[in-house]
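Me: I am new to this structure and would like to learn how its features are read. Please take me through them one at a time.

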Amino acid sequence: MAKAEWTVRAGNSDRQIPATPGPVPLKWASDAATGAPRYIHDPDIVSAAASAVCPGCGSKLWTVLAGQPQRVRPTAHFRHVAGTPRTACVVVAARLAASHRLVSLGYIDLPRRRVTAVSTGFSGEGYEGWGEEPAQRVRISDVRMVDPAAAELTLDDGRTILVDLTGERVEGEAGRAVITINLSDPALAELDVDELRARLRLLPPASWCSHWRDRELTSQARSRAADQARQALDAWTDEDEAGFQAQLPPGTDPEATATMRRETLLHRTVKSILEDARRIRAPGLHVAMQRDAPDGYGDGWDDHRVEILWWSAPAELSFEAVELERRLGHIVPDVVGRLAEPRPRILGGMATRVQRGDDEDEDEQHDEFPAHWSEAVLIEVAVTHKVDEEKLRKIRQIDLPTLEIDLGSMGGRLTLDGLRKLVVDGTDGKQWLHHPALRTRRAVLRYKLREHAEVLAYQAHIRAHRLERLLETPSSQWAQRYLLALRAFCDGNIRIERLRKKEGRLRRRRHHRPEVAAGWDLTTGGGRADPMTRACV
């Protein structure tokens, strides 16, 4: 190991060094010729072959009882010239002694360096990332005191570390490794070499003020923080933001812009997930139709009800191709998935429930008319705006199965992994806006409901009840009803004839014809009126 060349410059530190709290013997000094640390019992000091100066104030020191370590009071020490101010000298000497011991140890344990960064998402929430250099033990080839408050360590690989010995520094110099260790205990100045060795093993751990790799670690931390925000679906790349701004209408309200940005991100992410996965778990289909007993059914049957249900299990749909925002007719679906062959069949179950007051009967059976899925499935992604009635009408005209994924109904904060599971493997938040199979099933259920024995009993009762009421109606009431209907019919014809006359006059004026044409009957409108109408007039 190369010998350390100590260059201690007194009084050039801008830090306030605290005064010694009591009389502490000064057992360490600097060699007047080389600046190297000198202990009071060093042979050259004992033999007076070397002279010593104070590492704090630079004044010449005298030796007292040098080479006699057995005495305690008074103990061996260096002494200033009478009248020399020396309030900080003991602290500087303590640091000099500790630094000397670092050289003799030959290594230093560097702590872990961790740099953090925060990325703010669309929602205003911050996401933290970090870059880290692990703790390590490094070998020291040289140590020199830069000033009374700092030492510079040279490592065996040529790198240097500035050690702040006050333990108070917070920030270091950019591009330079700086650590802080609290070596301001004046008691270190009176310890011998062996005692220093034991004491330094119990020193408080070093703390980084700056590191060689701080720029690289900061870049890594920022990248991880931005990735955390993107994983939480709360941010996107700079390229995505530039594309969004290019399509943003000028003068858009900032709050609306934030909502649009979030919607665009979720839409884009869902489409990308489906494009990569090429499969989706679709919820089952469901149709229910019911028939209540008619009003006035009587005989205690007012609370009777017949209900027929049809349903199918959730389906695993695989796509051979996924197209994003491709125009179909008058609409542009978010996703068009073309099903891989062979297309799955739609199999379901059917149940009939008959409720008679508190009693309920249920009969369940398998679907009797299985069908295949269509060639394509449309998928709409809803965040804050769902499919409106106009678009739904156009979807029905195309008559393709259309599935809506409602992300706005999902509680809590979405993550990229959670959204992928929801879109591909889940059924929550999904509903069928339109499906051709439902139309067929409704027709089947309507027929079965109409032919059900309980409904037929309703109808038979209604017919019997109606015939009974018809027979009980007196003839005078029927005559009155007939006259009222005939008068309404005649009034309607009169209004029609008046409109025809008015329209004829307007047409003749536009063509400059005589007001009354030859053979035109003003009373009957040219004989076009119904004989019944003329009779009423």
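Helix contacts

Reply: Residues L266, T269, V270, I273, L274 and A277 of α6 meet L416, L419, R420, V423 and V424 of α8, where contact means heavy atoms within 4.5 Å. By class, the residues of this contact are nine nonpolar, one polar and one charged. Ala, Val, Leu, Ile, Met, Phe, Trp, Tyr, Cys and Pro count as nonpolar, Asp, Glu, Lys and Arg as charged, and the others, Gly among them, as polar.

Me: At what angle do helix α6 and helix α8 pack?

Reply: An axis is a line fitted to C-alpha atoms, for helices over the stretch in contact, and angles run from 0 to 180 degrees between N-to-C directions. Helix α6 (residues 254–277) and helix α8 (residues 416–424) pack at about 60°, and their axes are 10 Å apart. That angle makes α6 oblique to α8; angles under 35 degrees count as roughly parallel, over 145 as roughly antiparallel, 65 to 115 as roughly perpendicular and the rest as oblique. The crossing of α6 past α8 is right-handed. A crossing is right-handed if the near helix is turned clockwise from the far one by less than a right angle, and left-handed if anticlockwise.

Me: Which residues of α5 and α6 meet?

Reply: In α5, D240, E241, F244 and Q245 meet T257, M260, R261, T264 and R268 of α6. The residues of this contact divide into two nonpolar, three polar and four charged. The axes of helix α5 (residues 238–247) and α6 come within 12 Å and cross at roughly 120°, and α5 and α6 are therefore oblique to each other. Their crossing is right-handed.

Me: How many helices and strands does the chain have?

Reply: Helices (H or I, at least four residues) and strands (E, at least two) are DSSP runs, numbered from the N terminus. The chain has 12 helices and 25 strands.

Me: Is V287 buried or exposed?

Reply: Buried means under 20% relative accessible area, exposed over 50%, and partly exposed in between (1.4 Å probe, protein chains only). V287, in strand β15 (residues 286–292), has 4% relative accessibility and so counts as buried. Leaving out residues up to four places away in sequence, V287 touches I308, L309, W310, L438, R441, R442 and L445. From V287 to R442 there are 155 residues in sequence, and their C-alpha atoms are 6.8 Å apart. Across the chain of 537 residues, buried residues make up 39%.

Me: Where is P134 placed?

Reply: P134 lies in the loop between β8 (126–133) and β9 (136–147). Its relative accessibility is 52%, so P134 counts as exposed. P134 touches P111 and R112, not counting residues up to four places away in sequence.

Me: What is the mean pLDDT of the chain?

Reply: pLDDT is the predictor's confidence in each residue, from 0 to 100. The mean for the chain is 79, and 81% of its residues reach 70 or more. Over residues 1–22 the pLDDT is below 50, and this stretch has 62 contacts in the model beyond near neighbours in sequence. Where pLDDT is low, the predicted coordinates should not be read in detail.

Me: Which conventions apply throughout?

Reply: Residues are numbered from 1 along each chain as its sequence is written, and side-chain values use heavy atoms, with hydrogens and water left out. Local features need pLDDT of at least 70, side-chain atom pairs count only at pLDDT 80 or more, and totals for chains, interfaces and linings use all residues.
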